[in-house]
Amino acid sequence: MAVDSQASPAQADDQVPRYRVAAVERMTRIPASTLRSWERRYGWPRPSRTPSGQRLYSDQDLAVIRFLDRRRAEGMSLSQAAGLLHAAPAVADHDPGRLLARLVAALRAYDEADAEGAFAVGEALLGVEGVAVGLVPAAIVAASAHDPGEDGPPVEVEHFASNFLRRQTLRLLDGLPPAIGRPVLVGCGPDEQHELGALLLTLLLRARGHRVVYLGARVPGPAMERAAAALDPAGVVVSLTMPESLERALEWMRDSRRWSRHTRASWWAGPAVANAPDLAARLPGGLLDGSVDQGAAAVDATLARRH
């Protein structure tokens, strides 16, 4: 049951104490005795107390609880998981802008340990979908951005940042429960090696309960068609980042005679689609030319209407 609470001027909305322990038990499926044990032994979560001594939990507390539970399910000890949260500077705990700056600074400095800590705090505060929608896309853009008067970070920094964020996204995917039903098939187009966008879309669809079969980078057209024929998916999403990948996809569709027979619904996504909409419009199917969150929402809505 939610509890009305008045936030102080200094409190962010996610820090306002709202929930009694019974409500937190229902939302997280973690017993109150376990929550009290974590609080006593590891210092997390950190609920507020009413004058009568009852615990009240905020949305941030819920995010912390879910973070600890996910890390426990992955095999990490709770003391290690709590250590990641303790390692975050206080200024970054409730300020997404400073958290992003800390993550980007760590990526540019090749500081994997500090990047891990910043990412862990972001995961705890924002949850899986929040990380996929906000933190990861913003971090890869910022880590690759040009500073005023400079040529921009070297390509090796972009590679380090991209690979770090890719590993974190895969870890988040591994932590989600399996789904059942007709799958959504997701993969990168022919010769497309940039897969972070496709992974984030996969993560968002999985977080929303869809079964997703992810084929990875550089999927040849005929291989995608064979997978579609074998799986009979509810839909197929092909990610295209580079302009050359869009050209290859157009060549593939011109030569394909099987695509329309094995795809109930298909979408083409990624920067190449967004940057050349007139060219991408020649592809059969829908275009996901907005953010990864908008793309996942469009796929989700279409599949929901077909059920």
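**Basis.** I worked from a predicted model, in which local features need pLDDT of at least 70, side-chain atom pairs count only at pLDDT 80 or more, and totals for chains, interfaces and linings use all residues. Residues are numbered from 1 along each chain as its sequence is written, and side-chain values use heavy atoms, with hydrogens and water left out.

**Helix pair.** I looked up α7 (residues 112-143) and α9 (residues 196-207), whose axes come within 9 Å and cross at roughly 165°. Helices (H or I, at least four residues) and strands (E, at least two) are DSSP runs, numbered from the N terminus. Axes are lines fitted to C-alpha atoms, for helices over the stretch in contact, with angles from 0 to 180 degrees between N-to-C directions. The two helices α7 and α9 are therefore roughly antiparallel (an angle over 145 degrees). I noted the residues in contact (heavy atoms within 4.5 Å): α7 contributes Val128, Glu129, Ala132, Val133, Val136, Pro137 and Ile140, and α9 contributes Leu196, Leu200, Leu203, Leu204 and Ala207.

**Sheet.** I then traced an open sheet of five strands, ordered β4-β3-β5-β6-β7 with parallel pairing. Two strands pair if DSSP finds at least two bridges between them. The edges are β4 (212-214) and β7 (286-288), each with a single partner strand, so one side of each has no neighbour in the sheet. On average, neighbouring strands are turned by 20° against each other, direction ignored.

I found three bridges joining β3 (residues 184-188) and β4 in the parallel sense. Here Val186 stands opposite Tyr214 in β4.

Conventions. Angles under 35 degrees count as roughly parallel, over 145 as roughly antiparallel, 65 to 115 as roughly perpendicular and the rest as oblique.
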